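Subject: Structure handover

Hello,

Here is the structure for your files. My notes on it follow below.

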Amino acid sequence: MGMAPIPNSGTKRVQWHRFALRAGAIVVALAALVALIELFAFNMGFWQTLSNKPETVSLGQTSQADSTGDESSDAAQSAPHAVSDRTALALGSGLRYSTADGTIHVTDATRSYIDITLDNVNVSYVKMNLTAQQSESANSSNFTVRVDSLSSKAATSARSTEGWKVSGTHTLNASVPRSLIMRVPATATHTGALRIWIQEPTGTSIHIGSVTINPRIGLSINPIRVMLMLAIFAATIALLPRSRLWSVPLDTTRNAQRWAIRIAIAAIAIVGGCSTIASIATYQFEQFHNPGGYTYDYNQYAHLADALLHGRPWLDLEVPKAFAHAANPYDVGVREQLLNHGVTPIYWDYAFYDGHWYSYFGVIPAVLLYMPYQAATSLWTAGGLMLPTPAAMSILTALAMIFAMLLVIRILKRYFSGISVGATLICIIVMLCASNMPYLSSSGMFYTIPFASSLVFTFMGLWLWLGSRKPGKERHTVDPAVDASPLASTDPSATSLQSRLSYPHIIAGSFCMAANLGCRPTFILAALLAVPIFAGDAMRFLRAHRRRLLAKTIAAGTVPAIIVFIPLLAYNYWRFGSLTDFGNDYQITVTNMTQYKAPLSTILPIIGYFFGLPPNFTNHFPWVDYAAVPLDSWQYAEPALSGLFFIAPVLLLMLALPFLSRRLHSRRLLWLAVCMFGLGIALLLFDAYKAGFAWRYMLDFSWLFSLVTIICTAEMLAPSSPLVESRQLSHRSIRFRLVQHAVIVLTALTIVMNVLGILLLWERNDPALSLSIAQWFIL
């Protein structure tokens with residue numbers, strides 16, 4: 001009889017030492033690479049200006065150009081005031097400088113420039129020095145300038161527009177000091193003159209104290225940038241095709257993997273919490289009124305919470321009498337006439353009904369987030385405070401990301417036994433990026449609150465439903481006829497002899513799914529996924545004549561929905577006198593929604609844009625701009641980053657679904673994947689007809705396509721089902737390596753496009769933050 005081998009502790013110790021040495025070498029190399037990039041690539045300006053001799057020119061010592069003549073004659077007639085032996089400065093006739101408060105006023109935007117005459121100086125950078133007033137008053141306000149240069153040879157002749165070397169536009173912000181330093185376009189010889197254009201409209205005032213020629217740029221070590229680089233390089237190494245993570249199976253019973261999941265959840269929660277606190281600390285009342293135009297108030301949910309706390313369905317907002325008594329306030333022409341006559345406020349995108357303003361958005365976010373916040377803050381502030389919309393978005397986005405991650409792990413654990421941790425990480429990234437989650441994290445608009453809240457409830461509901469099968473004492477037999485049916489259980493463990501349903505999971509999941517009716521009602525269709533999830537159980541109950549157990553299961557899924565629906569429908573009746581009237585037709589928007597019928601001719605183009613709108617790449621930060629959405633007939637359409645297949649190229653993998661049908665069927669997963677894909681198409685068609693095109697509308701269906709992509713990806717990267725051993729995919733096979741590389745490349749492209757989308761959104765929603773990041777790639 002053979003003896004079991006005795007573990008060689010010495011060999012294990014040597015292997016551990018080798019692993020530690022290799023890991024240490026990688027860490028040292030990674031740290032050295034990041035240090036070199038930070039010190040040299042991101043601080044190139046420091047090394048280039050180290051030997052500079054700065055010269056500062058005060059605008060208080062300027063002369064004024066002649067106010068007559070064209071642009072070239074202004075420059076010629078200007079008598080520059082010499083402020084040093086080799087520098088003179090003059091203002092164009094379109095600028096006026098006030099020495100009292102150090103303010104430049106733009107009086108003519110076509111001649112708003114500052115001329116600086118130099119004596120054969122090699123100029124590489126110029127810096128605008130703002131006064132303290134500008135730093136305090138324009139903390140988040142951008143303004144643009146352009147720097148043109150003229151060579152010494154050209155400057156000796158009569159200056160005209162022909163000899164100037166023109167640079168691009170520079171965006172400046174007082175709260176971003178690095179943005180005040182601008183690169184000067186190089187000339188053939190030394191620089192003889194500079195012209196700084198203030199590219200702002202007439203009437204703009206900017207506090208500029210002086211201009212520095214050839215400033216020295218300080219060395220800047222940005223810890224956030226360093227941490228990002230370390231994270232990017234570490235993630236890249238971890239997900240390389242031959243990484244150890246691709247050989248470690250997913251097993252959430254192992255402490256290491258459980259702690260990894262907890263740390264990921266904690267990280268998302270901490271980031272969401274910090275963002276929430278920052279939004280509350282910097283909150284500004286988001287209401288904007290355009291003279292002669294509509295009033296934009298982005299606190300709809302806060303107003304709704306206040307109304308409910310005071311026991312009324314309508315919002316406490318002023319209704320102009322002329323508007324209330326108008327024959328048809330929904331008619332765009334009638335509204336335009338009222339606005340032209342100074343009738344205000346007319347609130348944009350609010351619902352108007354029976355003399356009151358209403359919110360047509362779902363009530364549940366207001367009940368769960370805004371009401372508790374206002375009630376809590378009323379303990380120390382009379383009437384309470386409004387929860388800022390960006391704060392609510394941070395909370396909801398963090399929750400959506402957490403439950404999206406947990407849902408992916410549950411799907412993989414339930415259906416793809418033995419799948420690697422590397423494949424799991426790829427699937428999680430696909431879910432977070434391809435479902436347009438980055439848009440949620442960066443938009444900060446109240447329009448996305450319904451989407452975010454519905455995603456939270458939907459992901460939570462599916463996670464609970466898919467976790468409803470627990471090991472137990474109830475015994476089931478395997479029936480080949482049932483298992484061959486397309487409605488067979490979608491869980492391989494369903495054919496085990498011991499299994500049971502957890503009714504608390506079913507009930508809680510049904511509550512979550514039903515809550516979609518009070519968030520974004522279209523998401524209520526996600527409840528249809530209960531059919532492929534529980535159909536196999538229902539069929540076995542019928543064949544075993546367990547009708548009582550079947551009735552109990554149906555009741556666990558439907559009674560919670562009824563409990564949620566009753567108050568939501570009653571809320572509709574309270575507002576509009578109808579259980580099924582959600583108020584969408586009463587919104588004051590670009591058209592008369594009470595009569596509008598979408599043209600059928602726009603459906604196909606919008607479907608095409610949802611999938612394939614090409615991105616609009618540019619040569620300046622953030623290297624992408626909003627892409628236009630042209631339509632032959634009017635339908636609501638907003639510019640967007642691009643279509644789904646460009647935002648998330650990894651979604652192309654879902655097109656492999658028909659080719660993987662046999663293998664997915666062996667996992668009892670084909671029916672669920674097909675239903676997800678079909679539901680996604682149905683929601684896309686509904687949006688194309690009823691809503692139009694917008695980047696945020698992709699949130700209605702992109703999560704479904706993401707789940708289908710995850711199922712296809714997991715099938716291609718996981719060990720094959722026992723029922724198709726002939727197609728088993730070895731981790732060392734060429735075919736597996738090709739699939740693995742393709743998935744990694746498509747995932748990387750998806751991450752890049754999502755990062756560009758975030759930067760594009762920040763450019764509009766947080767100009768100072770966007771400008772700060774832009775400086776990383778300029779100096």
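Is Trp47 buried, partly exposed or exposed? Trp47 counts as partly exposed, at 38% relative accessibility (buried is under 20% relative accessible area, exposed over 50%, partly exposed in between, with a 1.4 Å probe and protein chains only).

First, the basis. This is a predicted model, in which local features need pLDDT of at least 70, side-chain atom pairs count only at pLDDT 80 or more, and totals for chains, interfaces and linings use all residues. Residues are numbered from 1 along each chain as its sequence is written, and side-chain values use heavy atoms, with hydrogens and water left out.

The protein has 779 residues, of which 51% count as buried. Its secondary structure comes to 26 helices and 22 strands (DSSP runs numbered from the N terminus: helices are H or I with at least four residues, strands E with at least two).

Trp47 sits in helix α2, residues 44-48. Trp47 also belongs to a nonpolar surface patch with Leu36, Leu39, Phe40, Leu50, Leu219 and Ile221, about 640 Å² of accessible area together (Shrake-Rupley, 1.4 Å probe; for residues, only the protein chains shown count as cover). Helix α1, residues 9-41, gives the largest share of the patch, 3 residues.

Thr295 lies in strand β16, residues 295-297, and is buried, with a relative accessible area of 3%. Beyond its neighbours within four places in sequence, Thr295 is in contact (heavy atoms within 4.5 Å) with Gln287, Phe288, His289, Thr344, Pro345, Ile346, Tyr347 and Trp348.

Regards

Methods: Patches are made of residues with over 30% relative accessible area and no salt bridge: like charges are joined within 9 Å, nonpolar side chains (Val, Leu, Ile, Met, Phe, Trp, Tyr) within 5 Å. A salt bridge is a side-chain nitrogen of Lys or Arg within 4 Å of a carboxyl oxygen of Asp or Glu.
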